[in-house]
Amino acid sequence: MDKEKLMFFKELLLQQKKELLEQARKTVSSLSQEGEEVPADPADRATLEADRNFLLRIRDRERKLLAKIDEALEKIENGTYGICELCGNEIEEERLRARPVASYCIECKRKLEALEKIQR
Ligand SMILES: [Zn+2]
């Protein structure tokens, strides 16, 4: 991949990271606000618990995505960005534009997903 494209994806990844961190910060601050008043009504409390689980799940997803973004940024630095981790071929540029953290080409990704379905 040439330098210009690498810079493009680096910008894309940094932008995603920034947005994620902002989102995560908002999630965390809304969580700590909720902690201050617990509703007396058990039904409300259940809703609150469900909300909290939802938020925690989002945070888990954010954490994983952040780790992936950092991984991709590292790959840009060491020159392995855009190369499929399984077959070693270049990942389709269209795929990277849609999902800059992708670490497999579309063919390997399909195989992996098929495998996951069998194992489930
Ligand atoms: Zn592949």
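Tutor: Read along the sequence, this protein follows the pattern α-α-α-α. The model is predicted: local features need pLDDT of at least 70, side-chain atom pairs count only at pLDDT 80 or more, and totals for chains, interfaces and linings use all residues. Residues are numbered from 1 along each chain as its sequence is written.

Student: How many helices and strands stand behind that pattern?

Tutor: The protein has 4 helices and 0 strands. Helices (H or I, at least four residues) and strands (E, at least two) are DSSP runs, numbered from the N terminus.

Student: What makes Arg61 count as exposed?

Tutor: A residue is exposed if 12 or fewer other C-beta atoms, placed from the backbone, lie within 10 Å of its own, buried if 20 or more do, and partly exposed in between. Arg61 has 11 C-beta neighbours inside 10 Å, and therefore counts as exposed. Its place is in helix H2 (residues 42-78).

Student: Why is helix H4 said to lie largely in the open?

Tutor: Of the 14 residues of H4, the number buried is 0, so H4 lies largely in the open.

Student: How do you know what span to expect of H4 (residues 106-119)?

Tutor: The expected span is 1.5 Å times one less than the number of residues. For the 14 residues of H4 the expectation is 20 Å, and the helix reaches 20 Å from its first C-alpha to its last, close to that expectation.

Student: What makes up the largest nonpolar core?

Tutor: A nonpolar core is a set of buried Ala, Val, Leu, Ile, Met, Phe, Trp, Tyr and Cys residues joined through C-beta atoms within 7 Å. The largest has 9 residues: Phe9, Leu13, Ile69, Ala72, Tyr81, Ile91, Leu96, Val101 and Cys105. Helix H1 (3-34) and H2 each supply at least two residues of this core. The core also draws at least three residues from each of domain 1 (1-81) and domain 2 (84-120), the bounds coming from an automatic or database domain assignment.

Student: How far apart do the C-alpha centres of domain 1 and domain 2 lie?

Tutor: They lie 22 Å apart.

Student: How does the radius of gyration of the protein stand against that of a compact globule?

Tutor: The radius is taken over C-alpha atoms, and the globule rule is 2.2 Å times the number of residues to the power 0.38. For 120 residues a compact globule would have a value near 14 Å, but the protein has 19 Å. The C-alpha trace spans about 60 × 35 × 20 Å along its principal axes.
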